[in-house]
Amino acid sequence: MTFSVVARCAETGQLGIAISSSSIAVGARCPWLRPGVGAVASQNITLPSLGPQVLDVLEQGLTPSEALATLIEQDHSQYRQVTVIDSQGRTAHFSGAQTLGIHNAVSGEQCVAAGNMLANPGVINAMVAAFETASGHFADRLLAAMHAGVAGGGEAGPVHSAALVIVDDLLWPVVNLRVDWADVDPISALDQLWQAYRGQLQDYIDRAINPQIAPGYAVPGDDR
């Protein structure tokens with residue numbers, strides 16, 4: 001039902017997740033990120049609490065593999081698929097025995113991708129290769145991995161939702177975009193959202209940190 005890439009940008013230290021699913025509103029349940037700590041995708045038959053629990057353990061100093069080992073035997077773990085990256089770029093993944101359909105999980109350089117109900121296992125290998133070779137903004141690289149997954153066959157059935165989340169050194173995500181439902185191609189719709197947002201990303205950070213230098217809002221009543 002879901003495929004995703006969890007990654008770290010080696011240049012900026014940003015952490016990010018791009019994810020898509022046949023289910024509605026995948027971004028509400030599956031991606032979990034904490035600045036300076038790590039990122040977790042909790043998918044398949046999703047237990048959202050695994051995300052913050054794994055991040056809590058990472059924050060205590062455990063590696064991703066150690067973090068998964070301490071938690072994955074809880075809460076019907078055979079139904080869970082979880083991927084983890086920490087702030088150093090170390091990764092881990094787990095797919096329980098009840099993971100749905102064709103599934104796969106692969107770690108790459110500063111990334112880990114996983115999916116279930118896939119058209120074929122190679123979907124995930126294609127995602128890792130695309131992230132590793134893509135250039136440009138971190139978000140572009142995450143989306144390149146998702147597009148590669150679709151080109152490689154994607155899910156066995158249609159996908160309907162997608163999300164892109166990136167954290168930096170602020171308390172909130174610098175990118176947090178969602179397509180909660182699309183009849184067709186939510187990944188392309190998510191990409192369009194990113195293209196619209198990318199030019200305003202720094203503006204929203206400036207408005208939060210130093211509103212005196214922030215650009216105008218371009219709405220009625222704003223005289224700047």
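Start by selecting Asp56 and Arg34: their side chains meet in a salt bridge, N to O at 2.8 Å (a salt bridge being a side-chain nitrogen of Lys or Arg within 4 Å of a carboxyl oxygen of Asp or Glu). This pair links distant parts of the chain, with Asp56 in helix α1 (residues 50-59) and Arg34 in strand β3, 22 residues apart. Helices (H or I, at least four residues) and strands (E, at least two) are DSSP runs, numbered from the N terminus.

Before you click on, keep in mind that this is a predicted model, where local features need pLDDT of at least 70, side-chain atom pairs count only at pLDDT 80 or more, and totals for chains, interfaces and linings use all residues. Residues are numbered from 1 along each chain as its sequence is written, and side-chain values use heavy atoms, leaving out hydrogens and water.

Color Asp56 by accessibility next. Asp56 counts as partly exposed because its relative accessibility is 37%; the cut-offs are under 20% relative accessible area for buried, over 50% for exposed, and partly exposed in between (1.4 Å probe, protein chains only).

Now jump to Arg90 and Asp86. They form a salt bridge, the closest N and O atoms being 2.7 Å apart. Arg90 is partly exposed, at 34% relative accessibility, whereas Asp86 is buried, with a relative accessible area of 3%.

Then pick Arg198 and Asp140, whose side chains meet in another salt bridge (3.1 Å, N to O). Arg198 sits in helix α5 (residues 186-198) and Asp140 in helix α4 (residues 138-151), so the pair ties together parts 58 residues apart in sequence. Arg198 is partly exposed, at 34% relative accessibility. The whole structure holds five salt bridges.

Last stop, the largest pocket. Show Pro31, Leu33, Val165, Pro173 and Asn176, which lie nearest its centre among the 14 residues of the lining. On a 1 Å grid over the protein atoms alone, a pocket is an open set of points where a 1.4 Å probe fits, with protein on both sides within 12 Å along at least five of seven lines; lining residues have an atom within 4 Å of a point. The largest pocket's volume is about 170 Å³, meaning the space filled by probe spheres set on the points, which are joined across faces, edges and corners.

Which strand gives the most to this lining? That's β3, with four residues. β3 (31-34), β9 (161-167) and β10 (175-179) each supply at least two.
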